[in-house]
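Hi everyone, thanks for coming. Let me put the structure up on the screen, and then we'll walk through its charged side chains together.

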Amino acid sequence: MRGRPIKELIRVLNPIIRGYGQYWKHVVSKKTFGYIDNYLFLKITKHLKRLHPKKSWKWITKRYFKKPNHGGNDKWNLTCPLTNIQLLKMSWIKIERHVMVSYKNSPDDPSLKEYWGKRDRKVFNNENTLDRMKLARKQGYRCALCKQTLQNGEKVTVRNLEVSTGKFAKLVHVPCIK
């Protein structure tokens, strides 16, 4: 990516950072995420100095580094001056510990219905895109047609369903469409 614009660099790096972060967020990795952020910062500064060899560091920081869009005080976030997209930081990814299922917990036990519902939502969120997670949250993690949970083993798809107020995208089970 030597000499490529910052917009392209960010679009290439963001999915990689997000993917590695999602993969390693279940282990003790907060310190490692910080090391990777530091390493990326050093490489990005080198890239920017190569991109603008006759400009001062003050000019480069003023043009390319801004506070995060989601809030916060860290002003060292690489931001494209044209599109205003920002490079993700691995340290923004929350660490979520994996909790093993106790040998006594059964999906058939009615007293543990809330526990299994919460666990199903977590699995759904880990396996789907942000758009699908938002739709599922709006629907209460239930199919728009049959009102059963989305995590019942059936394939889920997005469909535009007509409601009295218009057409809306909804998550439905594939067998429910037929």
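Here's one to start with: does Lys147 count as buried or exposed, and what is its relative accessibility? Lys147 counts as exposed, because its relative accessibility is 53%. On that scale, buried means under 20% relative accessible area, exposed means over 50%, and partly exposed is in between, with a 1.4 Å probe and protein chains only.

Before I go on, a word on what you are looking at. This is a predicted model, where local features need pLDDT of at least 70 and side-chain atom pairs count only at pLDDT 80 or more, while totals for chains, interfaces and linings use all residues. Residues are numbered from 1 along each chain as its sequence is written, and side-chain values use heavy atoms, with hydrogens and water left out.

Back to Lys147. You'll find Lys147 in the loop between helix 5 (130-139) and strand 3 (156-163). Helices (H or I, at least four residues) and strands (E, at least two) are DSSP runs, numbered from the N terminus. Lys147 has a positive phi of about 65°, although it is not a glycine. Most residues other than glycine have a negative phi. Asn84 is not a glycine either, and has a positive phi of about 65°. Asn84 sits in the loop between strand 2 and helix 4, and counts as partly exposed because its relative accessibility is 41%.

Now, the salt bridges. A salt bridge here is a side-chain nitrogen of Lys or Arg within 4 Å of a carboxyl oxygen of Asp or Glu. How many does the structure hold? There are three.

One of them joins Arg4 and Glu8, at 2.8 Å from N to O. Arg4 is partly exposed, with a relative accessible area of 38%, and Glu8 is partly exposed too, at 29%.

Another is between Glu96 and Lys25, with the closest N and O atoms 3.7 Å apart. This pair links distant parts of the chain, 71 residues apart: Glu96 is in the loop between strand 2 (77-78) and helix 4, and Lys25 is in the loop between helix 1 (6-24) and helix 2. Lys25 is buried, with a relative accessible area of 5%, whereas Glu96 is partly exposed at 26%.

Then there is Lys89 with Asp74, whose side chains meet at 2.5 Å, N to O. That pair also links distant parts of the chain, 15 residues apart, with Lys89 in the loop between strand 2 and helix 4 and Asp74 in the loop between strand 1 (65-66) and strand 2. Lys89 counts as buried at 19% relative accessibility, and Asp74 is partly exposed at 31%.

Asp37 is buried yet has no salt bridge, and the nearest side chain of opposite charge is Lys89, 5.9 Å away. What does the side chain of Asp37 make a polar contact with? The partner is the side chain of Ser91, at 2.8 Å. A polar contact is a pair of N or O atoms within 3.5 Å; within protein, one must be able to donate a hydrogen and the other to accept it, and residues adjacent in sequence count only if both atoms are side-chain atoms.

Last stop: helix 4 (residues 113-127), where Lys113 lies. Lys113 counts as exposed because its relative accessibility is 65%. Thanks, and do stop me with questions!

Definitions and conventions: Lys, Arg positive; Asp, Glu negative; His and termini not counted.
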